[in-house]
Amino acid sequence: MEVINLKIIKAKNIKKYFPIRGGVFLKVTGYVKALESINIEINDFESIGIVGESGCGKTTLGRIITKIYDPTEGSLYFYDEKGNEYDVTNKLDKSIKSTFRKSIQMIFQNPYDSLDPRLTVGEIIKEPLQIHRVFKNKKEEIDYINELLERVGLSATYTTRYPHEFSGGQRQRIAIARALTLKPRLIICDEPTSALDVSVQNQIIELLKEIQNEFKISYLFISHNLDLIHHVSDKIVVIYLGNAIEEAPADELFENPLHPYTKVLMSSMPSWDPGNRKLDKVLVTGEPPSPINPPLGCPFHPRCTYKIDACDKIQPELLGAEHKVACHLYD
Amino acid sequence: MKNSKNILEINNLKIYFKTFEGISKAVDNISFVLKEKETLGLVGESGCGKTVTNLAIMKLLNPKATILSGEILYQDKNILEIEEEDFKKVRGKEIGMIFQEPMSSFDPLYTIGEQMYEVCKTHLKLSKTESRDKGIDMMRRVGIPEPEKRYEQYPHEMSGGMLQRAMIALNLLTNPRILIADEPTTALDVTVQAQVLNLMKSIQEEFGNSIIFITHDLGVISEMADRVHVMYAGKLVEKGTTEEIFKEPKHPYTKGLMESKIRREYKSKTLPYIPGTVPSPQHFPDGCRFNPRCSFVRNICKEEEPHEINIGNDHLVSCWLYVNGGNKLEDN
């Protein structure tokens, strides 16, 4: 198949600060600096992985791209299927709102919370169809819902059941069916398998991969699980404390990690080989600092074993061609 | 470590729950031993009964639970028959427990110090200043920076990793002989997880406790355990040393779990997985409970429950495939 690399989303220098309010008059006393100047571009039929620890801002990034949050600074561009560019940094314009919402969907981490417990499975999947008035004919709509349910590995007879009647894996399948209803071009998967049982996780990943190939969808995978991110992504961005610190094609990043933090992340993964244990060789100490008071210079310098003079003064920029890294060691 | 004494013995433990949907056979006839100074890994997915087993050891089971049979022997006494008043001297003192969520297992209304004092007062009869010294010393040993300041802080002022360290310090105050760690690092980040696991290892070396390590993460088990027991749907399906289980997994479920690790080589290939889902405890299938998801299933698996078969090297497996002297039957 000929692939025309159409862009879907371009985010430029995205910054997101959440105000902290305190005192009697709820004055702003500080900011949670969730994201600092992130650049990302997502093309058609491409998977991008975002990896980082809790609180690093990876979920915030996903939510900015779906327009759940507005960025504090920076700009966000959306491209329709003809390649026209729209500035969607602030409130969505009426002319583009419906196309944007149809094109970008999201799958959340916890399928126990993300499905309305008072709606039946049929109603959950029908809701987006009715909002966007996709079908005029009821029969067509029902057929489409049944077809979708069967596509994600559920029986069409489940439409009248409620979410609590299903296991975690099945609920995540329902969430996937809901995300698929409007034939989106990009699905943001925020930790799609981390709430599921180990033996079920791989089923869901396989389903997501099949769907991607069938419908030619792009994914933005957000996860803390390096193995998972490597498996599903073409390109990986490593985020630490709101900063993108390394960006590379998946295999390249794993064969040749450059940033000390990326190396630490990789060595912290348990070995699965009791004859060759490796966790006692992990060098890092401490925990990620609070995003309210991030350290000056490189965000990783307080925990970094290779720290040099410049690290606590100047923040390194993300530099490089295919394989980008933000670290003074590679200046 | 091989010939060390048993410190805890669990025989034919059976715990059922009465629920609206029927009887839930949460733990069904399991037996195992914990040896001195070892780490025993208990692996299984949600609802397999691993937490219920350990709550039974701590005598903290929900009153709705019925213990139908079995005994838990600790120092030649059956824990299940000890009166609650007497057991209070054991729980927290000789058997400690580390929970999954450090945030919700501390009382948010008391400082870490006050909660440590409570332990010291009840079990060690220490005064406030003595327990302060002991607490701060212990916090320093588990790697908490500025323990004097942390001692006065409330749980919400500390991060997850720091709280989990505090929880470990709190448990070590009484130097318990058995530590039950129920998913102690699941809520933590990988880099912090590595540190907490290393801490637990060095503590075991120093204090010589036995640890029951409960988790669903086989990777963590491979790093921590001396022996591994695999649980599925209220049953122990496989027992063995960590090396054996990882090198030669026998039960189809254990094999499936081992293969579920996403390896680098799988990139752009289909991931192996176990079909189906974990059955709900009210509707466990007849015969072997894994049979609906097993790819080696035979008629007998659907009818009769397999018994435990010793295939040598302290490796036990409950599966019909191994009934013939430990050799896998050829005819399927």
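Reader: Hi! How many bridges join strand 4 of chain B to strand 5 of chain B?
Author: Hello! In this predicted model, 2 bridges join strand 4 (residues 65–74) to strand 5 of chain B, and the two run antiparallel. Strands here are DSSP runs (E, at least two residues) and helices are DSSP runs too (H or I, at least four), numbered from the N terminus. Two strands pair if DSSP finds at least two bridges between them.

Reader: Which residue is the bridge partner of Tyr74(B)?
Author: That is Lys77(B), in strand 5 of chain B.

Reader: And what is the strand order of the open sheet in chain B?
Author: The order of its 4 strands is 2-1-4-5, with antiparallel pairing. Strand 2 (22–35) and strand 5 (77–78) of chain B are at the edges with a single partner strand each, so one side of each lacks a neighbour in the sheet.

Reader: New topic: which residues of helix 1 of chain A are buried?
Author: Lys58(A), Thr59(A), Thr60(A), Leu61(A), Gly62(A), Ile64(A) and Ile65(A). Buried means that 20 or more other C-beta atoms, placed from the backbone, lie within 10 Å of a residue's own. With 7 of its 8 residues buried, helix 1 (residues 58–65) of chain A is largely enclosed by the rest of the structure.

Reader: What comes just after helix 1 of chain A?
Author: Lys67(A), which takes a positive phi of about 65°.

Reader: Thanks! How do the numbering and cut-offs work?
Author: Residues count from 1 along each chain as its sequence is written, while chains are lettered from A and ligands numbered from 1 in the order in which they are written. As the model is predicted, local features need pLDDT of at least 70 and side-chain atom pairs count only at pLDDT 80 or more, whereas totals for chains, interfaces and linings use all residues.

Conventions. Buried ≥ 20, exposed ≤ 12 C-beta atoms within 10 Å, placed from the backbone.
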